[in-house]
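This briefing goes through a two-chain model by topic, from overall confidence down to single residues. Please keep the structure in view while reading.

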Amino acid sequence: MNKNNLILYSCILIFGLAAPFLFPAFKVQLSILCVLIVLASTWNIQGGEMGYNSFGNILFYGLGMYLCASVQVGMFFPLAEWTESGGEKTFVHTPTQFFQGMAVGLVVAAIVPTIIAGLIGYSILGLRGHYFAICTLGLGVAAGEISGGIEIIGAGQGFTTPPFPDVGSLEARGEFFYFLSFFTLILTFIAVRSIYSTRFKLILNAIRDNEDKAEAMGIETMKYKIIGWMISAFFCGLAGGIMGGLVGYIDSTDVAFDGREMGVFMVLMAILGGKGTLWGPIIGATIFHIFKEGFWTFFLGWQYVALGVLIVVIVIYFPEGIMGWLREKYPERFGEVVDEKDRKAQVELK
Amino acid sequence: MDFMVFQYPMITVQACLDGILLGILFALIAYGMALQWGVMNIINIAQGDLVILGGYIAYFMYLYGIHPAWGVIVAPVIMYFLGVLIYKLVINKVVDRDLFISILATFGISILFMQLMNFAFGADVVLANSDYGTTMLFNNNVVLPNSKLFSAFISILFAICLVIYMKKSKLGRAIRATAQNARAAKILGVDTEKVYAATFGINAALCGVAGALISITFTIHPYMGLPYTIRSFMIVIVAGLGNLPGVAMSGMGLGVFEEFADYILGTEFRIGSVFLLLVLILVYRRFKLSRKREYLK
């Protein structure tokens, strides 16, 4: 790690730690931004680096959300009675119970989706290209429809997650969730960064560029594909668990398995920033979140129209994303050696 | 779970008949999808939304006092031009790109249409009443709305017309040539750009017909598009591209499956079972193909 990077990272870290006190009104928005960045960067592991464009990571996100909330309730109270009572609370978590439940819930929310990804990985990841994309789209929607019919997790009427306990300060809830999601973001960044500096990333890239050739070179592609997907699933589940607590209410198709919104957002953020780069999804998620919040606030009702147009415009005109555009413009800064003459010749050809 | 299906044979007959009549409609939509997939190599996620839009055209005619059955003629005309417009604005920029790009771009169109329809027509479940009455079969045990028979008849009629058109007409030949080899067709003087636009328009028109029929026989709702896309995708991958009898058969099979899922699992799992079936079919296909690959080894 060179000196510039160190300064950059410490700036971001300090800003991240100070942000909830600098902008106290935007704590929830900042927490959502952290979750979005986590989702986009982990989608990028198998979408960008591995070339398996999935609409189905929402499955792990939704699973994590339901699991975390269910564990948090189920550890102390009967789950069925909780969901039956809906909004009227007959049970109240004490602060210790809440935090204990949340901690165990998050662990379960991260691990169970990872195991599920490993189990279904062998069948699903054998599909290629658009078959994989449509299959994962189907998985996400099917999970939403099915969980909407299961009584114990609230079926169609939704699941209210445990409300934040009274710890004496009104700001505590926002700060708790902000630091939780910010910590997850740092964890994700470190994980993704260290993955990208290993041979594992090169294997993923080989799978993306030509899977048959990679297999012919002796790489067990299936194993690495499943591992890549499991890493995505781990962080998606974690993000889902946090988001469930943050939103406070889980609905099967509108919050948890929202393939139409969150499932597309992940893909879009990664593409907007630049697929297959470390910083791309982070930049993409930040820009997207600002844009989205602006639209959701000022053009309420028209947000999905704007979203549809945005998807079409991004996909058609910026398929390489911001990082791809920067790379084309300043290749030297990305460590690519460019011959001046060659470049001029290319410009003239154009 | 409800096992009435197995105790009362008449319910089985009812489910099968309903399923087949519904499946013919699915097959019509799937035919459109197979057409554009084969010719332009595009998977259109907005397919279902085009269907629903066609349904709303018929519903609007019904609201203004015109019999909704005329929608079968009006909807495809409007939808054809809409399809060409969508092609000119969006699709022609993604035709020769990666398939995933086309999926994502049409996903955007789908979200756009969904919300515009929600604004224009409201979020209520509606149907256009055709007043065709019902037919009772088997001692009044099986109820068959005449509108379903009508819709199946019209779907078959349109499919036959289209097949003949594709075989005989100049444009049909150009479309088939482009599907086989776009570059060679271009060299031989086929304006592929025009062919693509026409293909997408024909697909949209088929969706319009199917939508108008759906609004007469079933119900429509702005957010109901995606299941139709998934159904037609499923039918196409089961039947294979360019296999028309296969499309018809697997369409009917899917219809019957859905009716039985509806009876056995309950209506709330109907859409879920469709999506789950898609996943199962793709996984089955993947294992079948990988076995073939092992033979090659």
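Is Tyr178(A) buried or exposed? Tyr178(A) is buried, because 25 other C-beta atoms lie within 10 Å; a residue counts as buried with 20 or more other C-beta atoms within 10 Å of its own, as exposed with 12 or fewer, and as partly exposed in between, the C-beta atoms being placed from the backbone. The model is a predicted one, in which local features need pLDDT of at least 70 and side-chain atom pairs count only at pLDDT 80 or more, while totals for chains, interfaces and linings use all residues. Residues are numbered from 1 along each chain as its sequence is written, and chains are lettered from A and ligands numbered from 1 in the order in which they are written.

**Confidence**

- For the complex, the predictor gives an ipTM of 0.82 and a pTM of 0.85.
- Chain B has a mean pLDDT of 83, with 96% of its residues at 70 or more, where pLDDT is the predictor's confidence in each residue on a scale from 0 to 100.
- Within chain B, confidence is lowest in helix H1 (residues 4-7), with a mean of 62, and highest in helix H9 (residues 192-217), with a mean of 89.

**Chain A as a whole**

- Chain A contains 16 helices and two strands, these being DSSP runs numbered from the N terminus, with helices (H or I) of at least four residues and strands (E) of at least two.
- The radius of gyration of chain A is 21 Å, which agrees with the value near 20 Å that a compact globule of 350 residues would have; the radius is taken over C-alpha atoms, and the globule rule is 2.2 Å times the number of residues to the power 0.38.
- The C-alpha trace of chain A spans about 75 × 45 × 40 Å along its principal axes, and 46% of the 350 residues are buried.
- Of the contacts in chain A with a separation of 6 or more, 82% are between residues 24 or more positions apart, a contact being a pair of residues whose C-beta atoms, placed from the backbone, lie within 7 Å.

- Tyr178(A) is placed in helix H7 (residues 172-196) of chain A, and, not counting residues up to four places away in sequence, touches Pro20(A), Lys27(A), Leu30(A) and Ser31(A).
- In helix H8 (residues 199-209) of chain A, the residues Ile203(A), Leu204(A) and Ile207(A) are buried; they lie on the same side of H8(A), because they cover an arc of only 100° around the axis, the arc being that of the directions from the helix axis to the C-beta atoms.
- Arg199(A), Leu202(A) and Asp209(A) are exposed on the other side of H8(A), whereas the buried residues of this helix pack against helix H2 (27-49), helix H9 (211-216) and helix H10 (221-247) of chain A.

**Chain B as a whole**

- Chain B has twelve helices and two strands, and its elements run α-α-α-α-α-β-β-α-α-α-α-α-α-α from the N terminus on.
- A compact globule of 297 residues would have a radius of gyration near 19 Å, and the 20 Å of chain B agrees with this.
- Buried residues make up 49% of the 297 residues in chain B, and its C-alpha trace spans about 65 × 60 × 35 Å along the principal axes.

**Interface and core**

- The two chains meet through 32 residues of chain B in contact with 32 residues of chain A.
- On the side of chain B that touches chain A, two or more residues each come from helix H4 (71-94), helix H5 (99-121), helix H10 (225-239) and helix H12 (270-296) of chain B, and H5(B) gives the largest share, 13 residues.
- That side of chain B divides into 25 nonpolar, four polar and three charged residues; Ala, Val, Leu, Ile, Met, Phe, Trp, Tyr, Cys and Pro count as nonpolar, Asp, Glu, Lys and Arg as charged, and the others, Gly among them, as polar.
- The largest nonpolar core holds 190 residues, of which Ile311(A) and Ile29(B) touch the most other members; such a core is a set of buried Ala, Val, Leu, Ile, Met, Phe, Trp, Tyr and Cys residues joined through C-beta atoms within 7 Å.
- Leaving aside neighbours within four places in sequence, Ile311(A) is in contact with Val264(A) and Leu268(A), and also with Leu104(B), Phe107(B), Gly108(B) and Ile111(B).
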